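Here are my notes on this one, as numbered points. Have the coordinates open while you read.

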Amino acid sequence: MNILVTGGAGYIGTHTCVELLEKGHDIIVLDNFYNSNPEAIRRVKEITGREFKFYQCDVRDSKGLSKIFGKESIGAVIHFAGLKAVGESVEIPLDYYENNVGGTVALLQVMKQFGIKSIVFSSSATVYGGNNPVPYKEDMPIGGCTNPYGQTKYMIELILNDLYVSDPAWNVIILRYFNPVGAHESGRIGENPNGVPNNLMPSITQAAVGKLDKFTLFGGDYDTPDGTCIRDYIHVTDLADGHVKALNKLDAKGGLRVYNLGTGRGTSVLEMLAAFETASGVKVPVAQLPRRAGDLAVCYANVDKARTELGFTAKYGLERMCVDSWRWQRENPRGMLDEKQTIN
Ligand code: UD1
């Protein structure tokens, strides 16, 4: 039986494909290359030395999905495909609802039609909103997200809950990611955001490599020990391992389970910056700006449930996150494009 990985050419998708292949799973990957390119698939094969089938297909394309499900033997789906830029989601909300919510509904419909009822879904810590105390636990109320991207994750969680209530034979695992950073140790796959990055680590590495003039630090007056926001950064390879462990938890009886994937440790922006400078040996130019709208002062996970039920514990600390992010950035200044390829 194959695991179908949607969005398998993306940042978390490629790292999860590597972990799955290395743990002996057979995979089929689907991606529309909206935010990625074929080189990503080639590099996953290069790292693992394994072959797998790839389909260029959009998750909103029910006919295309049906063809794949009709042709292939699929046992479960790991669903990453979706749009993920918070700022962009405020500008083009309909695209976010159509791709993320519409795409997931289309996928679930086809899965139902073919009797495939096992799915692992990429959710986000953003679903905890701004009113819960830290550390966030899986049984806390969710919702109240401040942007359309967050709303789509929340809505998809509701949809998966409703689906499970309608038919308890569904086997659903929702993974709420905290802040994924880092890259595969080979330096061959990693995160390559379009345009000016939104997230912390690519902003630091791009300033370090000279792609950005300066790293802009948003807000130094939060109620935290050093005045900067605190987050729970998790190495993307650990996150990928969490997916493999989640997959092992899917069982024939059905069930709906939710797990936080984080380290349970909070790190401030200044701490991350210092860790990066130590790991890379590069002094990063910094510009201090006012707070960014919508940022919470502190966000980190309670990871007890993933530890006890999945046997998942994040292995990598800040130093490794920084070393791997830096290697990826230095060796791939143009992201996943080959030296021989041109940017269209
Ligand atoms: C953001 C999203 C969240 C999404 C997650 C995906 C917001 C409000 N939240 O989370 O919905 O699930 O990304 O990874 O956008 N920072 C800087 N300078 C920068 C970039 C970031 O100082 O150039 C600071 C931010 O102010 C924040 C911290 O770094 O304090 C982390 O930011 P980021 O990486 O964007 O993650 P989140 O805001 O936690």
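**Helix packing, ligand and backbone**

1. Starting with H1 and H2: the axes of helix H1 (residues 11–22) and helix H2 (residues 38–48) come within 10 Å and cross at roughly 30°. That makes H1 roughly parallel to H2. For the terms, axes are lines fitted to C-alpha atoms, for helices over the stretch in contact, with angles running from 0 to 180 degrees between N-to-C directions. Angles under 35 degrees count as roughly parallel, over 145 as roughly antiparallel, 65 to 115 as roughly perpendicular, and the rest as oblique. Helices (H or I, at least four residues) and strands (E, at least two) are DSSP runs, numbered from the N terminus.

2. Before going further, a word on provenance: this is a predicted model, where local features need pLDDT of at least 70, side-chain atom pairs count only at pLDDT 80 or more, and totals for chains, interfaces and linings use all residues. Residues are numbered from 1 along each chain as its sequence is written, and side-chain values use heavy atoms, with hydrogens and water left out.

3. On the H1 side the contact (heavy atoms within 4.5 Å) uses Thr14, Cys17, Val18, Leu21 and Glu22, and H2 brings Ala40, Val44, Ile47 and Thr48. Sorted by class, the contact of H1 with H2 has six nonpolar, two polar and one charged residues (Ala, Val, Leu, Ile, Met, Phe, Trp, Tyr, Cys and Pro count as nonpolar, Asp, Glu, Lys and Arg as charged, and the others, Gly among them, as polar).

4. Next, helix H7 (residues 200–209) and helix H11 (residues 318–331): their axes come within 10 Å and cross at roughly 55°, so H7 and H11 are oblique to each other. The crossing is right-handed. H7 contributes Met201, Thr205, Gln206, Ala208 and Val209, while H11 answers with Met321, Cys322, Ser325, Trp326 and Gln329. The tally for H7 with H11 is six nonpolar, four polar and no charged residues.

5. H11 also meets helix H9 (residues 269–280), with axes within 9 Å and a crossing of roughly 60°. H9 passes H11 in a right-handed crossing. Met272, Ala275, Phe276, Ala279 and Ser280 of H9 touch Leu318, Glu319, Met321, Cys322, Val323 and Trp326 of H11. That contact splits into nine nonpolar, one polar and one charged.

6. On to the ligand. It is surrounded by 20 residues, the closest being Leu200, Thr216, Arg231, Arg292 and Asp295 (a residue is near if one of its heavy atoms lies within 4 Å). A polar backbone atom of Leu200 is 2.8 Å from a ligand oxygen atom. A polar side-chain atom of Thr126 lies 3.3 Å from an oxygen atom of the ligand, and a backbone N or O atom of Asn198 lies 3.4 Å from one.

7. Two backbone spots to check. Most residues other than glycine have a negative phi, and most peptide bonds are trans. Val134 and Pro135 are joined by a cis peptide bond, omega about 0°, and Pro135 is in the loop between strand S5 (118–124) and helix H6 (148–166). Phe33, not a glycine, has a positive phi of about 60°; Phe33 is in the loop between strand S2 (27–31) and H2.

Key:
A crossing is left-handed if the near helix is turned anticlockwise from the far one by less than a right angle, and right-handed if clockwise. A polar contact is a pair of N or O atoms within 3.5 Å; within protein, one must be able to donate a hydrogen and the other to accept it, and residues adjacent in sequence count only if both atoms are side-chain atoms.
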